[in-house]
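Welcome! Please take a moment to look over the model below, and then we will walk through it together.

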Amino acid sequence: MAKVQYGNRHLLYPQPAVIAGANVNGKPNYLTIAWCGIMQATPPLIYISVRRERYTLPGIEENGTFSVNVPSTDQATVTDYIGIRSGKNIDKSEIFTNFYGELETAPMIEECPVNMECRLVKTIDFEGTHIIFVGEIVQTHVNEECLVDGHPDGAKIDALIFTTDGYYWKLGERLAQAHNVGQDYKPG
Ligand SMILES: Cc1cc2nc3c(=O)[nH]c(=O)nc-3n(C[C@H](O)[C@H](O)[C@H](O)COP(=O)(O)O)c2cc1C
């Protein structure tokens with residue numbers, strides 16, 4: 001198959017479109033983040049990659065806490081708005097119903113089906129465009145109606161997906177069970 005060299009660019013599909021939160025100057029502020037991921041299971045670590053100039057950034061550093069909120073597809077418009085307006089210019093503290101958990105300084109969004117409150121455990125600065133904040137998840141809050149048999153259900157959460165070409169997506173069809181479908185595969 002012919003390959004085109006597309007340059008040294010990111011093309012990792014898909015990405016989550018989450019909303020990270022922190023208190024800035026004593027008020028909740030939120031920004032949309034696509035560069036976010038799970039790092040390890042125990043203790044549970046997650047990272048968000050934040051451009052240096054973001055208004056939210058000093059709030060994460062000062063409080064040593066932040067939140068990661070997972071919006072549903074029906075929250076695409078407000079998620080986009082949060083990601084194109086800076087707290088430098090507008091007050092984003094009353095767009096959502098804010099709540100706090102045990103960390104007390106990591107504002108979370110009532111309207112999002114999943115919220116993770118995180119304690120900042122490491123800041124990684126490669127001296128490039130972004131600063132990477134690694135957080136230990138101290139508690140995950142899930143809407144009760146998104147649970148099936150006590151477990152979070154991907155279809156019910158209906159997480160907003162982002163692709164690098166600049167579009168929001170909805171989850172598609174469930175394909176196969178992980179750690180299972182490959183069991184009987186015969187290479188070659
Ligand atoms: C879909 C989407 C994904 C984004 N991903 C990131 C990201 O991973 N890191 C980042 O620093 N900014 C990202 N942004 C941009 C910020 O959300 C945006 O600049 C926001 O207005 C910053 O808010 P603040 O200045 O109040 O912190 C993204 C925006 C959108 C719309």
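Which residue in β5 does C36 stand opposite? C36 faces I48 in β5. What you see is a predicted model, in which local features need pLDDT of at least 70, side-chain atom pairs count only at pLDDT 80 or more, and totals for chains, interfaces and linings use all residues. Residues are numbered from 1 along each chain as its sequence is written, and side-chain values use heavy atoms, with hydrogens and water left out.

**The seven-stranded sheet**
- Seven strands make an open sheet in the order β3-β2-β6-β9-β10-β5-β4, with antiparallel pairing. Strands here are DSSP runs of E with at least two residues, helices are runs of H or I with at least four, and both are numbered from the N terminus; two strands pair if DSSP finds at least two bridges between them.
- At the edges are β3 (27-33) and β4 (36-40), each of which pairs on one side only.
- β4 is joined by four bridges to the antiparallel strand β5 (residues 45-51).

**Around β3**
- Seven bridges link β2 and β3 in the antiparallel sense, and N23 has P28 in β3 as its bridge partner.
- The hairpin of β2 and β3 has two residues between the strands, and N25 takes a positive phi near 50° there.
- Five of the seven residues of β3 are buried, so this strand is largely enclosed by the rest of the structure. Buried means under 20% relative accessible area, with a 1.4 Å probe and protein chains only.

- β13 (residues 161-163) pairs with β14 over three bridges, in the antiparallel sense, and T163 has Y167 in β14 as its bridge partner.

**The ligand**
- The ligand is surrounded by 22 residues, the closest being T32, R51, T56, S86 and G87; a residue counts if one of its heavy atoms lies within 4 Å.
- β3, β5 and α2 each supply at least two residues of this shell.
- A backbone N or O atom of S49 lies 2.9 Å from a nitrogen atom of the ligand.
- In the side chain of R54, an N or O atom is 3.0 Å from an oxygen atom of the ligand.
- The protein covers 89% of the 650 Å² of accessible area that the ligand has on its own, with areas coming from the Shrake-Rupley method and a 1.4 Å probe.

Note on methods: Buried < 20%, exposed > 50% of the residue type's maximum accessible area, 1.4 Å probe, protein only. Polar contact = N/O pair within 3.5 Å; in protein donor to acceptor, adjacent residues only side chain to side chain.
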